[in-house]
Amino acid sequence: MMEDGKEDSLLTDDESDQTTADNTMVEDGPTLLGRMEICVAEAEKRSGKNAVGMQETFTVYLIETRPMDAVTEGCNPAPDSLWRRYSDFELLRNYLIMTYPYIVVPPLPEKRAEFVWHKLSADNMDPDFVERRRVGLENFLLRVASHPVIFNDKVLQHFLTEEHGWKDVVYDTGFQAKADSRLRALSATFRVRNPDKRLMEMKHYSDELQAHTSQLLRARARVADRLYGVYKVHGNYGRVFSEWSAIEKEMGDGLQSAGHHMDAYAASIDDILEEEEHYADQLKEYLFYAEALRAVCKKHELTQFELEVASQDLISKKQQREELATGIVRTFSFKGMTSKLFGQEAPEQREARLKLLEELISEGEDTVKDKTAEVQEHVEKAWVDMQRFKEQKDKDLREALVNYALMQISMCKKGIQVWSNAKECFLKM
């Protein structure tokens, strides 16, 4: 986490910016999680007509909030609740990305299942998938509600507490006008000359993070497929031992008991792989976080490119002013050629052009100054948030991988116990 001094400074700067821009911040205070409990309590399948009048089936999620002071005082008031669709969460996140371009905005869970092993349904209406997405949506809300900057956003609080009218609040901010053209962003990526070195290193890191987590998820899906087969084939042991026990008098009880142990072992894989999906979802969150990290870096590339274009334009205009004032043309131009062929401009025309250039240069200097400040502010705030993200990422992934290893150890111990029990059954024959 950031130092208290840095956090206070960042909050103060952001509140000042938002007050002058679109007044999206509410009164200062502790993080939102310090003021209310937030959970996505359940999911429900519904049917209705979409925007073009076609019948569709969709899932809605129940968000419940409760004032934290009532909880700490021992009261248990009924929570405030409202329903949201996945598309509502998408709108909220898009707004946060546009409003806070220097923030690594937490990702949403996947809309459709990815990196699934063959026995797991890829249907986005499958109850198990919907349940995992419910958990992921709750995690998203907890992430943004505890973020040191965006927790205080008015739109976020409307999303959590106002069932109707919150979209009007979102669109009234004009956040859509801040969206950058993908073509411009792509052009900036290839043409920018002097991007901040730290952010470019972070961009390369996000590419590698995405590649490694993708490979890990694919490997895990392949292992799950094979593990499922290995466990289920133990059911054949159970069947054979049970059938064999019917023809044996002395060994029958031992064979039948061993068969029961094998059957239980084969059936246990379903719960094991369901638990594994929880850890896979934690890895997927950081797979999607890589794209959020890259978005912050791309925004820097675009603002830096705009600064470089404005600076080059200013240099060009100053050179034109110098050439016009001295009458010495240092670079080839069509204007210079026509002046040599048809003579110089009249003094009045020359003065008018000089005056116009002075105005354009003044505007250009203001533009460069504003763009320089914008770039510096974005880099400074982005770097602070990236350090916060890095600490969070290190902690979360370390915890997830350790717990996954412990789960595998526990699974192996249970396998050893099954065969130990089977051995005892065989010894008693």
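A helix here is a DSSP run marked H or I, at least four residues long, and helices are numbered from the N terminus. Helix α13, residues 347-427, is one such run. Asp385 and Arg388 both lie in this helix, three residues apart, or about one turn. The model is predicted. A search of the whole structure finds 29 salt bridges. The count of aromatic pairs is 14, and the count of disulfides is zero.

**Salt bridges**

- Are Asp385 and Arg388 buried or exposed? Both Asp385 and Arg388 are buried.
- Some salt bridges share partners. Glu131, Arg134 and Glu138 are joined into one network in this way.
- Lys167 forms a salt bridge with Asp88, and here the closest N and O atoms are 3.3 Å apart.
- Which parts does this pair tie together? Lys167 lies in helix α7 (residues 166-172) and Asp88 lies in helix α4, so the pair ties together parts that are 79 residues apart in sequence.
- The two partners have their own accessibility values. Lys167 has a relative accessible area of 38%, so Lys167 counts as partly exposed. Asp88 is at 8%. Buried means under 20%, so Asp88 counts as buried.
- Arg46 forms a salt bridge with Glu44, with the closest N and O atoms 2.8 Å apart.
- Arg46 is partly exposed, at a relative accessible area of 30%. Glu44 is also partly exposed, with a value of 30%.

**Charges over rings**

- Arg46 has a second contact to look at. Arg46 lies over the face of Trp83, at 4.7 Å from the ring centre.
- Where does the charged end of Arg85 sit? The charged end of Arg85 sits over the ring of Phe58, 3.9 Å from the centre of that ring.

**Aromatic rings**

- A pair of aromatic rings is described by two things: the distance of the centres and the angle of the planes.
- Of aromatic pairs, the count comes to 14. One of them is formed by Tyr231 and Tyr265. Their centres are 4.3 Å apart, and the angle between the planes is 25°.
- Why does this pair count as stacked? Planes under 30 degrees apart count as stacked, and these planes are at 25°, so the pair is stacked.
- Tyr231 lies in helix α9 (residues 197-245), and Tyr265 lies in helix α10 (residues 252-267). The two are 34 residues apart, and the pair links distant parts of the chain.
- Tyr231 is buried, and Tyr265 is buried too.
- Ring pairs also build a cluster. Phe89, Phe140, Phe159 and Trp166 are linked into it.

**Cysteines**

- How many disulfides does the count give? The count comes to zero.
- Cys39 is partly exposed, with a relative accessible area of 25%.
- Cys297 is at 0% relative accessibility. Buried means under 20%, so Cys297 counts as buried.

**A nonpolar surface patch**

- Which residues form the nonpolar patch on the surface? Val240, Trp244 and Ile247 form this patch. Together they have about 300 Å² of accessible area.
- Trp244 lies in helix α9. Tyr231 lies in helix α9 as well.
- Trp244 has a relative accessible area of 35%. Patches are made of residues with over 30%, so Trp244 passes that cut-off.

**Approaches along the chain**

- Pro101 lies in the loop between α4 (86-99) and α5 (127-145). At 22% relative accessibility, Pro101 is partly exposed.
- Pro101 and Ala295 are 194 residues apart along the chain. Their C-alpha atoms are separated by 8.0 Å.
- Where is Gln320 placed? Gln320 is in helix α11, which covers residues 269-326. Gln320 is partly exposed, with a relative accessible area of 34%.
- Gln320 and Arg353 are 33 residues apart along the chain, and their C-alpha atoms are separated by 9.9 Å.

Conventions
Residues are numbered from 1 along each chain as its sequence is written. This is a predicted model: local features need pLDDT of at least 70, side-chain atom pairs count only at pLDDT 80 or more; totals for chains, interfaces and linings use all residues. Side-chain values use heavy atoms; hydrogens and water are left out. Rings of Phe, Tyr and Trp (its six-membered ring) pair if their centres lie within 6.5 Å; planes under 30 degrees apart count as stacked, over 60 as edge-to-face and the rest as tilted. Buried means under 20% relative accessible area, exposed over 50%, partly exposed in between (1.4 Å probe, protein chains only). A charge sits over a ring if NZ of Lys or CZ of Arg is within 6 Å of the ring centre and within 35 degrees of the ring normal. A disulfide is a pair of cysteine sulfur atoms within 2.5 Å. Patches are made of residues with over 30% relative accessible area and no salt bridge: like charges are joined within 9 Å, nonpolar side chains (Val, Leu, Ile, Met, Phe, Trp, Tyr) within 5 Å. Accessible areas come from the Shrake-Rupley method with a 1.4 Å probe; for residues, only the protein chains shown count as cover. A salt bridge is a side-chain nitrogen of Lys or Arg within 4 Å of a carboxyl oxygen of Asp or Glu.
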